[in-house]
Amino acid sequence: MGGRHNIELALPGASIGAVAGAMAGGLTLFAGQPIGLATLSALALAVPLALFGGLYGMLLGHGIFRPGTFGPVGLYWMAAFPVSRLAQESLAGVGLSDGVLPFLAYQAMVSLGFAIGFVWLHERIMPHWLVRRAAVNPRAEELLGQYVRFAQMVSARKGARR
């Protein structure tokens with residue numbers, strides 16, 4: 001049962017990562033590359049981003065990350081995004097002509113933008129998913145409680161400013 005519960009926590013993040021990676025294929029097509037290269041590019045990025053996105057959901061469920069925080073998640077994606085892009089470029093690209101270290105440094109800078117988008121989407125999708133799974137998944141129920149407490153804290157802070 002624990003494995004299924006973890007997979008359920010991973011699904012929103014994995015979905016976001018997969019969609020983000022698939023969008024890279026569309027951008028590759030838009031740039032005029034052949035459909036085969038666009039498909040390979042999409043898969044080569046979608047798979048690692050989905051894996052890292054799913055891992056984020058499981059780490060969130062185990063208390064490694066907390067709802068409403070960005071710093072640790074930004075650092076997480078500062079490592080995970082460049083690794084994902086390196087996998088993509090190794091399979092489908094030519095972006096390593098300047099060397100691996102400059103490529104990884106640039107991807108680490110870009111990763112913060114990805115992290116902002118990922119967290120924004122995840123914070124909107126995950127609570128709705130947790131409401132659906134809380135009755136049968138104790139980890140989802142516990143994480144939903146964390147989201148509710150965070151929302152109450154934010155609401156109380158807004159009320160105190162008025």
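Predicted model: local features only at pLDDT ≥ 70, side-chain atom pairs only at ≥ 80, totals over all residues.
Visitor: What makes the crossing of α3 and α4 right-handed or left-handed?
Guide: The crossing of α3 and α4 is right-handed. Residues are numbered from 1 along each chain as its sequence is written, and side-chain values use heavy atoms, without hydrogens and water.

Visitor: Why is α3 called oblique to α4?
Guide: Helix α4 covers residues 100-133, and its axis comes within 7 Å of the axis of α3 at a crossing of roughly 125°. That makes the pair oblique. The classes are under 35 degrees for roughly parallel, over 145 for roughly antiparallel, 65 to 115 for roughly perpendicular, and oblique for the rest. Axes are lines fitted to C-alpha atoms, for helices over the stretch in contact, with angles from 0 to 180 degrees between N-to-C directions.

Visitor: What is the relation of α1 to α4?
Guide: α1 and α4 pack at about 140°, with axes 10 Å apart. So α1 is oblique to α4. The crossing of α1 and α4 is right-handed.

Visitor: How do you know that the span of α1 agrees with its length?
Guide: The 29 residues of α1 should span 42 Å at 1.5 Å a residue, and its end C-alpha atoms are 42 Å apart, so the two agree. The expected span is 1.5 Å times one less than the number of residues.

Visitor: What does the span of α4 come to?
Guide: α4 has 34 residues, and a straight helix would reach 50 Å; its end C-alpha atoms are only 42 Å apart. α4 also bends by about 30° at Val110. A bend is the angle between axes fitted to the seven residues ending at a residue and the seven starting there.

Visitor: Where does α1 bend?
Guide: At Leu11, by about 40°, with Pro12 following within four residues. Just after α1, Gly32 takes a positive phi of about 95°.

Visitor: Why is Phe81 called buried?
Guide: Phe81 has 8% relative accessibility, so it counts as buried. Buried means under 20% relative accessible area, exposed over 50%, partly exposed in between (1.4 Å probe, protein chains only). Phe81 sits in helix α3, residues 71-92.

Visitor: What about Leu121 in α4?
Guide: At 37%, Leu121 counts as partly exposed. Leu121 and Ile16 are 105 residues apart in sequence, yet 7.5 Å apart in space, C-alpha to C-alpha.

Visitor: How many helices and strands does the chain have?
Guide: Five helices and zero strands. Helices (H or I, at least four residues) and strands (E, at least two) are DSSP runs, numbered from the N terminus. Buried residues make up 40% of the 162 residues in the chain.

Terms used
Left-handed = near helix turned anticlockwise from the far one by under 90°.
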